[in-house]
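Q: I have a structure open here and would like to go through it step by step. Could you help me read it?

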Amino acid sequence: MSWFIANLGLIWQLTLDHIALSVPPIVLGFALSLPIGWLANRRRLARGGILSVGGILYAIPSLPLFVLMPALIGTKILDPVNVVIALTIYALALMVRTSADALASVDRDVLQSSTAVGYSAWQRFWAVELPLAGGPLLAGLRVVSVSTVSLVSVGAVVGVNSLGYLFLDGFNRYFPEEILVGIIGSVIIALVFDGILVLIGRLLMPWTARTTPRWSRGRAVSALAHGA
Amino acid sequence: MIEFRSVTKQFPDGTVAVDDFSLIIPSHKTTVLVGSSGSGKTTILRMINRMIDPTHGSILIDDRDVAGLNPVALRRSIGYVMQNSGLLPHRTVAQNIATVPRLRGVRRASARSQALELMQTVGLDAELADRYPSQLSGGQQQRVGVARGLAVDPNILLMDEPFGAVDPLVRAELQHELLRLQGELGKTVVFVTHDVDEALLLGDQIVIFRRGGVVAQKGTPAEILASPADEFVASFVGADRGKRALHVEHTRGGDIVVDSDGNAAGVLADENAAS
């Protein structure tokens, strides 16, 4: 406990680094998965190919990919961009299948009637397909979020700082408290991200709450009050 | 007026859904396309708003070939009501009704107040405005569908088996509601159904299809019932059996009308007394 208190500053800094490294891959992976998933649904052949490539990408071990990144894109060895890009690839690999399936799950009748009343293809994507695919997209995004937060730690091995540094340093020094702080810190970040995603989902998809709308409950209460 | 000129539709897999079909659909009347599934009636309906383009022939609305019109703009000018309502499950009732006006750039507030008016027109309680479609009964959903179809006050209303999925009691109620609305609004309605009773009730003009988009007979309900063109039509409308093959029996209490099962269907009213 004394180590934890003495190093609060370091731990906070590493937490911020960890967050800064996690957010871009989650957002980028999600954003890129949408057009690719959409394209995958256009043609059956493309779908098989794209989804297999996604699976293979995810099978590449993370450490070698971090090490290889500078050679592939010409960055410096210690550049955090290496980790961000590598993690974006993983996020994308995980998310593409989900996005393709989520977009394919939207009721065809609803899509047809949207076209029939005069949505253009572009408007229909944003106003109908994307929101109605929201449930499964969110479920996939939550997996990607947890996976990314945990993978960021590996970057510490190639010198990109995050809470992973605490595992590495604690392990080298046979110092369990430091390792434990690193683990708990990562788990907390993962939980907070998950909570934020669920909250965003509630705000953006109010129709998924299958309860009575708030206004009618309020009305019922005021009606009761008036009646009494 | 909507005019089909020798329209043929062959799908990429080789199926001919509609073969050399010609028809004039008069304005301000209800034309019902009736036939069993696979008879091409829905394909014909969807060619009017260019959901499907014909392989040969042309479709004209007020003498303008739809092939030359922008499909999205065309669809926004035509009301469309389909089976299972086709409502957007993530939009409230009022938002669903306001869909097309919003797409055409009407402001949110005026689109909403117009939607509330339309709810009244189709017999929906204003309390339902902020519900989601899944919180409504099947009949209420179809009413919302009709309100959405009417939202831009279109000249043409396309209805694709709109009451096919609701129970018989609600269907009868919706059919009479549609008759009342049509009496007030006088739209050019093109209505697709496989239910002959519905066709006879709603149609000013009825077109009966065989498989493959071939017209078996067209005419008013009275013409079709009185002189079916052939055996197919006669058995399709049931003119040869059941409650449509009626005859008069003279009883001591007066003349009654009896169906082919021997059940009393009604009495022969004196025409002068009735009017």
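Q: Which residues form a nonpolar patch on the surface?
A: In this predicted model, the patch consists of A:Leu180, A:Ile184, A:Ile188, A:Val192, A:Ile196, A:Leu199, A:Ile200, A:Leu203 and A:Leu204. Together they have about 900 Å² of accessible area.

Q: Where does A:Leu204 lie in chain A?
A: A:Leu204 belongs to helix α10 of chain A, which covers residues 176-204.

Q: And is A:Leu204 buried or exposed?
A: A:Leu204 is exposed, because its relative accessible area is 62% and the term applies over 50%.

Q: Switching to chain B: what is its mean pLDDT?
A: The mean pLDDT of chain B is 90, and 96% of its residues reach 70 or more.

Q: What about scores for the model?
A: The model has an ipTM of 0.83 and a pTM of 0.82.

Q: Now the open sheet in chain B: in what order do the three strands come?
A: The order is β11-β12-β13 in chain B, and the pairing is antiparallel.

Q: Which are the edge strands?
A: They are β11 (247-251) and β13 (264-267) of chain B, each of which pairs on one side only.

Q: How are neighbouring strands turned against each other?
A: On average, neighbouring strands of this sheet are turned by 40° against each other, with direction ignored.

Q: How many bridges join β11(B) and β12 of chain B?
A: Five bridges link β11(B) with strand β12 (residues 254-258) of chain B, in the antiparallel sense.

Q: Which residue in β12(B) is the bridge partner of B:Glu249?
A: The partner of B:Glu249 in β12(B) is B:Ile256.

Q: What holds such strands together in general?
A: Strands of a sheet pair through backbone hydrogen bonds, in either a parallel or an antiparallel manner.

How values were computed. Residues numbered from 1 in each chain as written. Chains lettered and ligands numbered in written order. Predicted model: local features only at pLDDT ≥ 70, side-chain atom pairs only at ≥ 80, totals over all residues. Heavy atoms only, no water. pLDDT = per-residue confidence, 0-100. Patch = residues over 30% accessible without salt bridge, like charges linked within 9 Å, V, L, I, M, F, W, Y side chains within 5 Å. Areas by Shrake-Rupley, 256 points an atom, 1.4 Å probe, with all protein chains shown as cover. Salt bridge = Lys/Arg side-chain N within 4 Å of Asp/Glu carboxyl O. Helix = DSSP H or I, 4+ residues; strand = E, 2+ residues; numbered from the N terminus. Buried < 20%, exposed > 50% of the residue type's maximum accessible area, 1.4 Å probe, protein only. Pairing = 2+ DSSP bridges. Axes fitted to C-alpha atoms, helices over the stretch in contact; angles between N-to-C directions.
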